[in-house]
Structures are given as C-alpha cells and as structure tokens.
Amino acid sequence: MQISYIVWYSVKGYEMAKLGNPKETIEILQKHRFQFKKKFGQNFLIDPHVLDKIVDAAQITGEDFVLEIGPGIGTLTQYLCERARQVLAVEIDKNLIPILQDTLSSYDNVEIVQGDILKQDIRNIADRYNSGKPIKVVANLPYYITTPLIMELFESRVPLASVTVMVQKEVADRMRAEPGSKSCGALSLAVQYYAEPYIAAFVPPNCFIPRPNVGSAVIRLDCRTRMPVEVRDERLMFRLIRAAFNQRRKTLQNAVANSRELPFSKEEAADAIDRLGFGINVRGEKLGLPEFARLADELADKYMETDAKGLGSYE
Ligand code: SAM
C-alpha cells in the first residue's frame with residue numbers, strides 16, 4: 001500500500017506519560033468499552049519499569065524519529081513521545097484509533113496511522129519523516145508478525161539505526177543464538193548478518209494485560225553499516241540458509257537439492273560442498289555465515305544461469 005492511501009490522524013499538545021499501570025489502563029479500556037482481539041496479538045503493557053527499560057534500551061534522543069508498530073492504547077507511545085523528536089505509530093485495529101486520539105491528545109509530536117504495518121511502505125516513511133536517514137523502530141510486537149516484519153525491514157533495506165522490540169523470549173534467544181548451537185536457525189543468521197543483537201530485559205507474563213502464555217524479552221538490534229561477511233549474491237546465501245535450516249535433519253547436499261527455492265541438483269550441491277572441504281555429509285546447522293557465504297559464492301555462477309523464483313520463509 002502506498003503512503004497516500006493511508007488515513008492519517010494528528011494529535012496535539014504535550015504532557016507527562018500517564019498510562020503504564022494497571023489502574024489507568026483498565027480505566028481507559030472500560031471508558032471506551034474496548035474488547036481485546038486475540039488475532040492481533042493484543043497484550044498491553046502495564047508495568048512502568050518495563051516501559052522505561054524499552055525506551056532506555058532504544059537510546060532515544062530528542063533528535064530521533066521513531067516508528068512504533070502496534071501502539072495499542074498508546075502506553076509505550078506516551079513514553080516515546082516524551083523522548084523523541086517525532087513518533088509515527090501504525091495500528092491495525094480500527095477500534096483503537098479513538099482511544100489513541102484520547103490518550104495521546106496532549107502530544108504534538110505524534111501521528112497515528114491506521115493500517116497493517118506489513119503493507120506499509122516503510123522506506124517512504126523514512127524518506128518523508130527523517131529525510132531518508134536511518135530511523136529507530138520500537139515496538140511491543142504482536143508476536144505473530146515478529147519474523148516477517150523483522151525480515152522485511154532488513155531485506156527491503158529500510159534505512160534503520162536500530163530495532164528495539166519486545167518479542168517472545170524464545171525468539172529473542174534464537175536471534176542471538178551462536179552458529180552451530182541447537183537454537184540457531186535461519187532467523188539467527190539473518191538477524192546476525194544485518195544487526196548486532198543485545199537483550200535489554202526479560203519480561204514475565206504478569207507485566208501485560210491480558211497475560212500471554214509465554215515469557216518475553218526486549219531485544220535491541222543495532223543495524224550494521226558493514227556486513228560481517230562479503231558475498232556475491234546475498235539472496236542466494238539466504239536461500240541456502242533457509243534450505244539448510246528448513247530441513248535441518250538432512251545433510252546439506254540433500255537439503256539444497258530438495259529446496260524448491262534453489263535450482264541445484266544433488267551432484268552440483270555435493271561437488272560445491274566437497275570443493276569447500278566442509279565434509280560431504282555435513283549438516284547446514286553446523287555452519288555459520290562465513291561458510292554459507294563461501295558456498296553461495298561457489299554456486300553463484302550456476303545460480304545466475306537460472307531464474308529461481310519465490311522468496312521462501314524463515315523458521
Ligand atoms: N504497544 C502496546 C503496548 O505495549 O501496550 C500494544 C502492544 S500489543 C502486543 C500489539 C499491538 O499491535 C496491538 O495493538 C495490535 O492491535 C497491533 N497490531 C497487530 N498486528 C498489527 C499489524 N499487522 N500492523 C500494525 N499493528 C498491529
């Protein structure tokens with residue numbers, strides 16, 4: 001969706017954050033007769049310490065433009081408005097818009113957009129609000145969009161300084177997992193290629209209303225200006241990574257040959273793996289970014305001869 005199709009809501013004024021404790025949150029929810037929607041991953045924060053930790057971790061200054069994803073009733077948004085130059089908050093649930101207009105009415109540095117973040121042109125937002133300079137993204141994310149959103153931000157090369165997000169604890173662990181470890185997956189390597197992950201806090205379920213079934217963590221991804229490995233074809237490298245981890249019990253040569261995203265035969269995969277000296281029966285889960293970059297370079301010429309389609313998905 002282009003930015004011009006979006007409905008923009010402006011709110012004005014300025015005052016101290018009021019939300020962030022159970023009493024105020026319940027009062028607002030009751031005043032507007034709000035019903036939670038499970039499908040939108042609505043778990044609202046009700047702990048001021050956690051809110052402080054998120055904005056501290058995000059290292060927001062008065063110069064910053066912040067994109068917030070899923071403002072809910074505006075709790076984290078209030079904290080962001082007090083630190084940032086400007087905040088743009090994108091919320092999918094139409095029923096939350098009148099609530100946000102109420103809770104953010106005192107701030108003149110925030111705009112609310114009603115829409116699905118996965119359909120927004122975020123590069124356009126960075127151009128429009130931050131003159132194309134790297135933006136900071138902050139969110140208590142609805143867990144169902146964590147991986148697609150983070151990969152979209154990175155792969156579409158949105159100019160990013162950092163992404164500070166509340167995610168499921170297990171996903172935070174995966175993002176910073178060491179290559180070769182049990183919890184390392186395609187998401188780990190992708191995140192570590194584009195950013196340096198830093199866990200700022202672990203957050204128990206009782207800090208939210210309603211309580212989620214799992215523990216959460218605040219993770220900051222500091223976006224790299226220089227990638228940790230050089231590779232001729234980034235897209236090919238990530239297809240190889242996805243192939244390897246989507247079938248992690250298989251040998252790398254079988255996983256590559258079986259992948260619908262890749263055009264290589266078992267012999268071509270086996271030859272390349274052998275030439276690189278990884279061992280013919282190696283599993284992809286044992287390799288890190290430098291090895292996947294070498295494998296991608298080894299297969300790049302053959303790959304360029306074909307027209308592989310489809311983007312695939314991350315674990
Ligand atoms: N930021 C608030 C807080 O911390 O209390 C709410 C966080 S809640 C976990 C996630 C929010 O994201 C909800 O308000 C939900 O409606 C919104 N949301 C869910 N899917 C979305 C999407 N695709 N695009 C934008 N917002 C979304």
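Is Leu45 buried or exposed at 4% relative accessibility? Leu45 counts as buried at that value, where buried means under 20% relative accessible area, exposed over 50% and partly exposed in between, with a 1.4 Å probe and protein chains only. The structure is a predicted model, in which local features need pLDDT of at least 70 and side-chain atom pairs count only at pLDDT 80 or more, whereas totals for chains, interfaces and linings use all residues. Residues are numbered from 1 along each chain as its sequence is written, and side-chain values use heavy atoms, with hydrogens and water left out.

Leu45 belongs to strand E2; strands (E, at least two residues) and helices (H or I, at least four) are DSSP runs numbered from the N terminus. Along the chain, Leu45 and Leu76 are 31 residues apart, and their C-alpha atoms are separated by 7.8 Å. Leu45 is also one of the residues that come nearest to the ligand, together with Gly70, Glu91, Asp116 and Tyr144, out of 22 residues around the ligand. A residue is taken as near a molecule or strand if one of its heavy atoms lies within 4 Å of it.

By class, the shell around the ligand consists of 11 nonpolar, seven polar and four charged residues. In this scheme Ala, Val, Leu, Ile, Met, Phe, Trp, Tyr, Cys and Pro count as nonpolar, Asp, Glu, Lys and Arg as charged, and the others, Gly among them, as polar. A nitrogen atom of the ligand lies 2.8 Å from a polar backbone atom of Gly70, and a ligand nitrogen is 3.5 Å from a polar backbone atom of Pro71. An oxygen atom of the ligand lies 3.3 Å from a backbone N or O atom of Gly72. The ligand taken alone exposes 590 Å², of which the protein buries 99%; accessible areas come from the Shrake-Rupley method with a 1.4 Å probe, and for residues only the protein chains shown count as cover.

The ligand sits in the largest pocket. Strand E2 (44–45) and strand E4 (86–91) are the elements that give two or more residues to the shell around the ligand. Pockets were defined on a 1 Å grid over the protein atoms alone, as an open set of points with protein on both sides within 12 Å along at least five of seven lines; a cavity is a set of points where a 1.4 Å probe fits but cannot get out, and lining residues have an atom within 4 Å of a point. A molecule sits in a cavity or pocket if more than half of its atoms lie within 2 Å of its grid points.

Gln42 lies in the loop between helix H1 (22–31) and E2 and is buried, with a relative accessible area of 7%. The side chain of Gln42 reaches the backbone nitrogen of Lys37 at 2.6 Å and makes a polar contact of 2.9 Å with the side chain of Asp93. A polar contact is a pair of N or O atoms within 3.5 Å; within protein, one must be able to donate a hydrogen and the other to accept it, and residues adjacent in sequence count only if both atoms are side-chain atoms. Tyr107, in the loop between helix H4 (97–103) and strand E5 (110–114), is buried at a relative accessible area of 1%. The side chains of Tyr107 and Glu82 are joined by a polar contact of 2.7 Å. Tyr107 and Gln86 are 21 residues apart in sequence, with a C-alpha to C-alpha distance of 9.9 Å. Arg220, in strand E10 (residues 216–223), counts as buried at 9% relative accessibility. A polar atom of the Arg220 side chain lies 2.8 Å from the backbone oxygen of Ala57, and the Arg220 side chain makes a polar contact with that of Asp222 (2.9 Å).

Backbone geometry was also examined. Most residues other than glycine have a negative phi, and most peptide bonds are trans. The peptide bond from Ile209 to Pro210 is cis, with omega near -15°, and Pro210 is found in the loop between strand E9 (208–209) and E10. Ser131, which is not a glycine, has a positive phi of about 50°. Ser131 is placed in the loop between helix H5 (122–130) and strand E6 (135–140) and counts as exposed at 61% relative accessibility. Arg157, also not a glycine, has a positive phi of about 55°. Arg157 is found in the loop between helix H6 (146–155) and strand E7 (160–168) and is partly exposed, with a relative accessible area of 39%.
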